[in-house]
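Dear colleague,

Please find the structure below, handed over for your records. My notes on what was found in it follow directly after.

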Amino acid sequence: MIGGPARPGARAEARAEARISPESGLGPVSAPGPGALSAAKPPPSVLLLALPGAESEEMFADLSRREDLCLLRVANAAAANRTIEEMPVALVVACPEIPAS
């Protein structure tokens, strides 16, 4: 090697210095605070098209308790269409007892 053997870790240090050198205009970047990400983007909406009742309440109880989702429950296709027109929906779950329209 030219100039003698390299010190262990010298390459990694040189790469780190290059990333944050004053000439590059870059510096260390701090991570956003704990509430910064949740405030920036609301949780995805899940539209649940199901008839109200104890059976559907029980079936979707776990889903309704999730804090990382916004569960929107509607009982008919007209309400589902209106919801989709008015707001973004990431997923639609339609129960089989709902008649096709």
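Arginine 66 is partly exposed, since its relative accessibility is 41%; here buried means under 20% relative accessible area, exposed over 50%, and partly exposed in between, with a 1.4 Å probe and protein chains only. This arginine 66 forms a salt bridge with aspartate 68, and their closest N and O atoms are 2.6 Å apart. A salt bridge is counted when a side-chain nitrogen of Lys or Arg lies within 4 Å of a carboxyl oxygen of Asp or Glu. Aspartate 68 is likewise partly exposed, with a relative accessible area of 42%.

Please note that this is a predicted model, in which local features need pLDDT of at least 70 and side-chain atom pairs count only at pLDDT 80 or more, whereas totals for chains, interfaces and linings use all residues. Residues are numbered from 1 along each chain as its sequence is written, and side-chain values use heavy atoms, with hydrogens and water left out.

Salt bridges

The structure holds 4 salt bridges. Side chains of opposite charge can pair when their charged atoms come close. Besides the pair described above, arginine 73 forms a salt bridge with glutamate 57, with 3.7 Å between the closest N and O atoms. Because arginine 73 lies in strand β2 and glutamate 57 in helix α3 (residues 54-59), this pair ties together parts that are 16 residues apart in sequence. Helices (H or I, at least four residues) and strands (E, at least two) are DSSP runs, numbered from the N terminus. Both partners are partly exposed: arginine 73 has 34% relative accessibility, and glutamate 57 has a relative accessible area of 44%.

A further salt bridge joins the side chains of aspartate 62 and arginine 65, at 2.6 Å from N to O. These two residues are 3 residues apart in helix α4 (residues 61-65), so about one helical turn separates them. Aspartate 62 is exposed, at 58% relative accessible area, and arginine 65 is exposed as well, at 57%.

Overall architecture

The protein chain has 5 helices and 3 strands, which follow the pattern α-α-β-α-α-β-α-β along the sequence. The strands form an open sheet in the order β2-β1-β3, with parallel pairing; two strands pair if DSSP finds at least two bridges between them. The edge strands, each pairing on one side only, are β2 (70-74) and β3 (91-94). On average, neighbouring strands of this sheet are turned by 20° against each other, direction ignored. Such angles run from 0 to 180 degrees between N-to-C directions, and the axes are lines fitted to C-alpha atoms, for helices over the stretch in contact.

Strand β1 (residues 45-49) is joined to β2 by 5 bridges, and the two run parallel. Within this pairing, serine 45 stands opposite cysteine 70 in β2. Helix α5 (residues 77-86) lies across β1, β2 and β3 and runs at about 165° to β1.

Threonine 83 is located in helix α5. Is threonine 83 buried or exposed? Threonine 83 is buried, its relative accessible area being 15%. Not counting residues up to four places away in sequence, threonine 83 touches Leu47, Leu72, Val74 and Val89, where contact means heavy atoms within 4.5 Å.

Nonpolar cores

In soluble globular proteins, nonpolar side chains tend to be buried together. The largest nonpolar core has 8 residues: Val46, Leu48, Ala50, Phe60, Leu63, Leu69, Leu71 and Cys95. A nonpolar core is a set of buried Ala, Val, Leu, Ile, Met, Phe, Trp, Tyr and Cys residues joined through side-chain atoms within 4.5 Å. Leaving aside neighbours within four places in sequence, cysteine 95 is in contact with Leu48, Leu49, Ala50 and Phe60. Another core, of 6 residues, lies apart from the largest one and includes Leu47, Leu49, Val74 and Ile98.

Proline 44 and the chain as a whole

Proline 44 sits in the loop between α2 (36-40) and β1 and is partly exposed, at 39% relative accessibility. The C-alpha atoms of proline 44 and aspartate 68 are 7.5 Å apart, although 24 residues separate the two along the chain. Not counting residues up to four places away in sequence, proline 44 touches Asp68, Leu69, Cys70 and Ala90.

Of the 101 residues of the protein chain, 20% count as buried. Among contacts between residues at least 6 apart in sequence, 68% join residues at least 24 apart.

Yours sincerely
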